[in-house]
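Subject: A structure for you to look at

Hi there,

Here is the structure I promised to send over.

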Amino acid sequence: MIERLERVDEVRDRLDRVRRGGGGVGFVPTLGALHDGHAALLRRAVSESSATVLSVFVNPLQFAEGEDFDAYPRDLERDLAFAASLGVTFAFTPPLGEMYPRPPVTTVSVGDVTSGMEGERRPGHFSGVATVVAKLFTIVGPCRAYFGEKDWQQLQLVRRMVEDLSMPVTVVGCPTVRDEHGVALSSRLAYLDDDERQAARVVHAALLDGREGHGRGEDALAVARRRVAAEPGTRLSYVAVRDDRLHIAVYVGSVCLIDNLGLADP
Ligand code: PAF
């Protein structure tokens with residue numbers, strides 16, 4: 001049985017009890033619309049913790065004007081049943097007014113790791129992410145928190161914020177989960193029609209080509225760019241090398257998909 005909690009004080013109460021009893025807390029923050037990528041995070045959290053808390057909160061601070069905040073897929077009942085089937089103990093599903101009784105004037109920004117790539121494509125996004133994750137960590141308290149590597153820059157931001165602000169959180173990065181065609185799972189895939197879903201395969205394919213080219217001594221960026229250019233219905237936003245990884249963002253129709261892989265990965 002999963003227990004649904006809407007209030008901050010309830011979350012503190014339940015998790016303090018777990019810790020007082022000597023147990024460890026696992027935490028998986030999400031925007032909801034759970035898929036198998038989230039399932040991998042939740043399964044790992046459940047296997048490594050005495051109690052696991054999932055948060056489902058579509059955080060307005062991380063959506064820019066004109067982005068898909070209103071349209072973002074929401075199906076709380078389904079998410080709760082999915083999480084319960086994985087053995088998750090608590091679901092924190094705060095209404096907007098519980099998280100932000102007033103528009104916050106205190107925000108968190110995490111320097112260099114948030115510049116370029118998604119930081120440039122989505123101005124203000126990472127400050128919204130850092131602010132809500134800092135707030136969620138403050139609510140949940142000491143825990144192990146699980147994040148997917150698909151959102152690489154977000155993962156680096158969280159790691160750096162935790163280190164800089166001495167937050168009592170162990171950040172655990174988990175490998176990207178892909179479908180049988182290599183497409184990295186993402187809630188935004190729900191926006192794609194069948195043709196677009198087919199075209200979306202180019203995102204991972206371009207990374208693989210780029211990495212292969214790199215292995216042959218070619219320019220990985222140029223190789224990846226060429227691959228995307230050859231796929232109708234797609235448009236490259238950026239491709240970059242950072243942290244020894246190749247990162248890419250591609251518009252498929254109006255939906256932007258991001259992905260990355262290690263240049264030295266097998
Ligand atoms: O990756 C996400 O789902 C979100 O950015 C997060 C970490 C839950 C913050 O709202």
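**What I found**

In the protein chain, residues 24 or more positions apart account for 70% of the contacts with a separation of 6 or more. Please keep in mind that this is a predicted model.

Let's begin with the overall picture. The protein chain contains 10 helices and 9 strands. Its radius of gyration is 19 Å, close to the 18 Å that the globule rule gives for 266 residues, so the chain is as compact as a globular protein of that length. Along the principal axes, the C-alpha trace spans about 55 × 40 × 35 Å. Of the 266 residues, 52% are buried. The protein chain exposes about 12,600 Å², and carbon and sulfur atoms supply 49% of that area. As for charges, there are 31 positive and 38 negative ones, and their mean positions lie 4 Å apart.

Now zoom in on helix α3, which covers residues 76–85. Which of its residues are buried? They are Asp79, Leu80, Phe82 and Ala83. Seen down the axis of α3, these buried residues fall within an arc of 165°, so they line one face of the helix. Glu77 and Ser85, on the other side of α3, are exposed.

What do the buried residues of α3 pack against? Their partners are the strands β1 (3–5), β3 (51–56) and β4 (90–92), together with helix α2 (36–48). After α3 comes Gly87, which has a positive phi, near 90°.

Happy exploring!

Key. Residues numbered from 1 in each chain as written. Predicted model: local features only at pLDDT ≥ 70, side-chain atom pairs only at ≥ 80, totals over all residues. Heavy atoms only, no water. Helix = DSSP H or I, 4+ residues; strand = E, 2+ residues; numbered from the N terminus. Rg over C-alpha atoms; globule rule 2.2 N^0.38 Å. Buried < 20%, exposed > 50% of the residue type's maximum accessible area, 1.4 Å probe, protein only. Contact = heavy atoms within 4.5 Å. Areas by Shrake-Rupley, 256 points an atom, 1.4 Å probe, with all protein chains shown as cover. Lys, Arg positive; Asp, Glu negative; His and termini not counted. Charge placed at Lys NZ, Arg CZ, Asp CG, Glu CD. Arc of directions from axis to C-beta.
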